[in-house]
Amino acid sequence: MKKQSRVLAFSVLFLFVLVFACKKDENEEIIDIITSKAWKFGKTDLNTHTNPSGNNSYYAVLECEQDDTFTFKADGTMVRTFGAKKCDGDVGTSKTVNYSYNKESKELIIDDVKYTVAEENKSQLKYVLVTPATSGVSNKIYLLQ
């Protein structure tokens, strides 16, 4: 009987350690996700359930932007690399801007423009620009995939 109690106690302790020791810091996870790859504009929302309430419209990705990539770096800079299709004749190969992310408020600031993050995972980064409209609030949704 004592042996069974010990085995049960060690099993519970092991399970407790396993569950809580493997949990990552939430801030690290978000930064790891954002900086995990070079993102491209998405044209199809992979999860419409995370859309904010109100009048939503998606950013219309121009043909010349479809091959651009966005790389968020851990140092707080984002590099937009322009693809072969150019929107402007004089655009260079890339542009670097500052960004910051506040996990508590879910506020993403890119080049001094404030957005609200609606979803962040390895498949999709969805952020929203909220603007006042005559008929209430209007949300412009940006997708990076």
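**Close-up views of a predicted model**

**View 1. Lys 126 and Glu 119 form a buried pair.** In this predicted model, both Lys 126 and Glu 119 are buried. Their side chains meet in a salt bridge, with an N to O distance of 3.8 Å. The whole structure holds five salt bridges.

**View 2. Asp 68 and Arg 80 are joined by a salt bridge.** The closest N and O atoms of the pair are 2.9 Å apart. Asp 68 lies in the loop between strands S1 and S2, and Arg 80 in strand S3, so the pair ties together parts that are twelve residues apart in sequence. Asp 68 and Arg 80 are both buried.

**View 3. Lys 106 and Glu 120 meet through their side chains in a salt bridge of 3.2 Å, N to O.** Because Lys 106 belongs to the loop between S4 and S5 and Glu 120 to strand S6, the contact ties together parts that are 14 residues apart in sequence. Lys 106 is partly exposed, at 30% relative accessible area, whereas Glu 120 is buried, at 19%.

**View 4. Thr 77 lies in strand S3.** Thr 77 counts as buried because its relative accessibility is 16%, under the limit of 20%. A polar contact of 2.6 Å joins its side chain to that of Asp 75. Among the residues that Thr 77 touches beyond four places in sequence are Phe 72, Val 97 and Tyr 99.

**View 5. The largest nonpolar core contains 20 residues.** Phe 72, Leu 108, Ile 110, Tyr 127 and Leu 144 touch the most other members. Elements that each supply at least two residues of this core include helix H2 and strand S7.

Definitions and conventions
Residues numbered from 1 in each chain as written. Predicted model: local features only at pLDDT ≥ 70, side-chain atom pairs only at ≥ 80, totals over all residues. Heavy atoms only, no water. Helix = DSSP H or I, 4+ residues; strand = E, 2+ residues; numbered from the N terminus. Buried < 20%, exposed > 50% of the residue type's maximum accessible area, 1.4 Å probe, protein only. Polar contact = N/O pair within 3.5 Å; in protein donor to acceptor, adjacent residues only side chain to side chain. Contact = heavy atoms within 4.5 Å. Core = buried A, V, L, I, M, F, W, Y, C linked by side-chain atoms within 4.5 Å. Salt bridge = Lys/Arg side-chain N within 4 Å of Asp/Glu carboxyl O.
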